[in-house]
Amino acid sequence: FDGDYGENTIIKAFHTSNFTMDGCTLKNESEGHMTGFAGVDGLTVRGCTFQNQLLTKGHYGYEVIQLDVLHPFHITNGRCEDLACKNVLVENCTFDNVPRGVGSHTAVLNNPHDKITIRGNRFTNIGSIAIQGMNWTNVDIRSNYIKDAPRGITIYSAAAGNTYLPSLLASKGGTTAHYSDSYKTPAKSNINIAATRSE
């Protein structure tokens, strides 16, 4: 898939389950994410190559593989709901000359992206962060290679302005909120980072 440096996400999937990308090459994206996923249960990205994602200097908030939320500002034409991404596997992929590899910078309060595995990937010539997790639980990041990245792996709990109340998302989408608007301390995040080489 050649984005030809157009300003649009190349692949989007939302409100779905068991979505797989296997052996795909995505290249030449400008001013946007290469892929965006929201409300996906069962996402596998395996053996893919992502290269040449260009942004205006100083703009780094665009992941190659973005785990997003179902809000119209982020997912155009997607129905609003307080769903997160679950059962995500990214393995044996190559990320080269991109701002961020895998990550998220939006979240649903009290409903984290869950069961995230990122393993055996190669990140080179990264403009910002190789892997950025926000509001993730049950995470296994291992056996990745990171070279020439200002930051390798960053994990956040939540961020002001990018964490949405379940009731707000439900109201916008005409759906029912599944989670409380009152912050609940996570019992255990269960995040494991191991055997990653960085240069």
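Mentor: Buried means under 20% relative accessible area, exposed over 50%, and partly exposed in between, with a 1.4 Å probe and protein chains only. This is a predicted model, in which local features need pLDDT of at least 70 and side-chain atom pairs count only at pLDDT 80 or more, while totals for chains, interfaces and linings use all residues. Residues are numbered from 1 along each chain as its sequence is written, and side-chain values use heavy atoms, leaving out hydrogens and water.

Trainee: Is Phe 95 buried or exposed?

Mentor: Phe 95 counts as buried, because its relative accessibility is 0%.

Trainee: How far apart are the ring centres of Phe 95 and Phe 123?

Mentor: They lie 4.6 Å apart with the planes at 5°, so the pair is stacked. Rings of Phe, Tyr and Trp (its six-membered ring) pair if their centres lie within 6.5 Å; planes under 30 degrees apart count as stacked, over 60 as edge-to-face and the rest as tilted.

Trainee: Which residues do ring pairs link into a cluster?

Mentor: Phe 50, Phe 95 and Phe 123 form that cluster through ring pairs.

Trainee: Changing topic, which residues does Asn 121 touch?

Mentor: Not counting residues up to four places away in sequence, Asn 121 touches several residues, including Val 90, Phe 95 and Tyr 145; contact means heavy atoms within 4.5 Å.

Trainee: And is Asn 121 buried or exposed?

Mentor: Asn 121 is buried, since its relative accessible area is 2%. A polar atom of its side chain lies 3.0 Å from the backbone oxygen of Val 90.

Terms used: A polar contact is a pair of N or O atoms within 3.5 Å; within protein, one must be able to donate a hydrogen and the other to accept it, and residues adjacent in sequence count only if both atoms are side-chain atoms.
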